[in-house]
Amino acid sequence: MDTFNWYLERTSTLEQIKPVGLYDLSNLQLRFLCPQDINEVNALCVDCFPVEYPRSWYEDITSNPKFYSLAAIHKSAIVGIIVAEIKLYIKLTPKEREVVSPSAGKFTQVGYILSLGVTKAYRRNGIASLLLDNLVSHLTSAESKNCKAIFLHVLSSNSSAIAFYERKNFKLHSFHPYYYMINGINKDGFAYVLYINGGHQQWMILYPFKQKLNFANWVLSDGQLAKLEKPLDVFGQELGELLHRIPVLL
């Protein structure tokens, strides 16, 4: 991280970039975002994401030190970004606290990925992996030992992003109906999590059933009941059997 530099040179528009095969990443540079990047980052986000961000969001991620905002640079142009916020457990919302066990103490931290994107012309070159790997490397360093998890939200219909995070060892944590508002339409989302530095999920006796029930909710919300791996009555039967065993387990 000590080799990152601040570059001010810019290209006028991302649309001028033709599809590029980098073959290797030796001619790619990484650096942190700065306030002069706002317009270029805005253009990249429009290219990458269906969600619209307010101007204040771009101002925050390019200037506020609470964000880990890293850019991939090729020929002086920003071709990819990752933006994450490192949060103390005590400042998480009740829903966010479900991601990690509080047993590590009040100084426990989690990393939340707000955004990870690569402009279309530069995809499938390993840039997203490079950006994510740098974040993970930073949060697994000795200085970040109190960070116990990295999590994010993703559209339930974004199969390519889901496959990418699963390849990077992120695990499905929970289902969030109507999490996104896109063009005036509510869309469902998933939360994915990667545990680091000895972090783990809150211990719950019902945890093995949580993902199954979340999956059931997901397919029901899309009107795809026929695609359930198991009928709902089987889920209920398994859950009931476990509940009957609780006195024995205790």
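Let's start at the hairpin of β6 and β7, where two residues sit between the strands and asparagine 183 takes a positive phi near 55°. Keep in mind that this is a predicted model. On its other pairing, β7 (residues 185-195) runs antiparallel to β5 (residues 147-155), with seven bridges.

How far apart are glutamate 52 and asparagine 183 in sequence and in space? They are separated by 131 residues along the chain, yet their C-alpha atoms are 9.1 Å apart. You'll find glutamate 52 in the loop between α1 (38-48) and α2 (55-61). Is glutamate 52 buried or exposed? Its relative accessible area is 73%, and the cut-off for exposed is over 50%, so glutamate 52 counts as exposed.

Glutamate 96 belongs to the loop between β3 (77-88) and β4 (109-118). Its relative accessible area is 15%, which is under the 20% limit, so this one is buried. What does its side chain meet? A polar atom of the glutamate 96 side chain lies 3.0 Å from the backbone nitrogen of threonine 93. Leaving aside residues up to four places away in sequence, glutamate 96 touches Lys87 and Phe151.

On to the nonpolar interior. As a general point, nonpolar side chains in soluble globular proteins tend to be buried together. In this model the largest nonpolar core has 33 residues, and those touching the most other members are Ile113, Leu132, Leu135, Ile150 and Phe170. Which elements give two or more residues to this core? They are β2 (67-74), β3, β4, α3 (127-139), β5, α4 (159-167) and β7. The most comes from α3, with six residues.

Not counting residues up to four places away in sequence, leucine 135 touches Tyr68, Ile82, Ala84, Ile113 and Ile150. There is also a second, separate core of 16 residues, with Leu44, Phe49, Tyr58 and Val83 among them.

Note on methods: Residues are numbered from 1 along each chain as its sequence is written. This is a predicted model: local features need pLDDT of at least 70, side-chain atom pairs count only at pLDDT 80 or more; totals for chains, interfaces and linings use all residues. Side-chain values use heavy atoms; hydrogens and water are left out. Helices (H or I, at least four residues) and strands (E, at least two) are DSSP runs, numbered from the N terminus. Buried means under 20% relative accessible area, exposed over 50%, partly exposed in between (1.4 Å probe, protein chains only). A polar contact is a pair of N or O atoms within 3.5 Å; within protein, one must be able to donate a hydrogen and the other to accept it, and residues adjacent in sequence count only if both atoms are side-chain atoms. Contact means heavy atoms within 4.5 Å. Two strands pair if DSSP finds at least two bridges between them. A nonpolar core is a set of buried Ala, Val, Leu, Ile, Met, Phe, Trp, Tyr and Cys residues joined through side-chain atoms within 4.5 Å.
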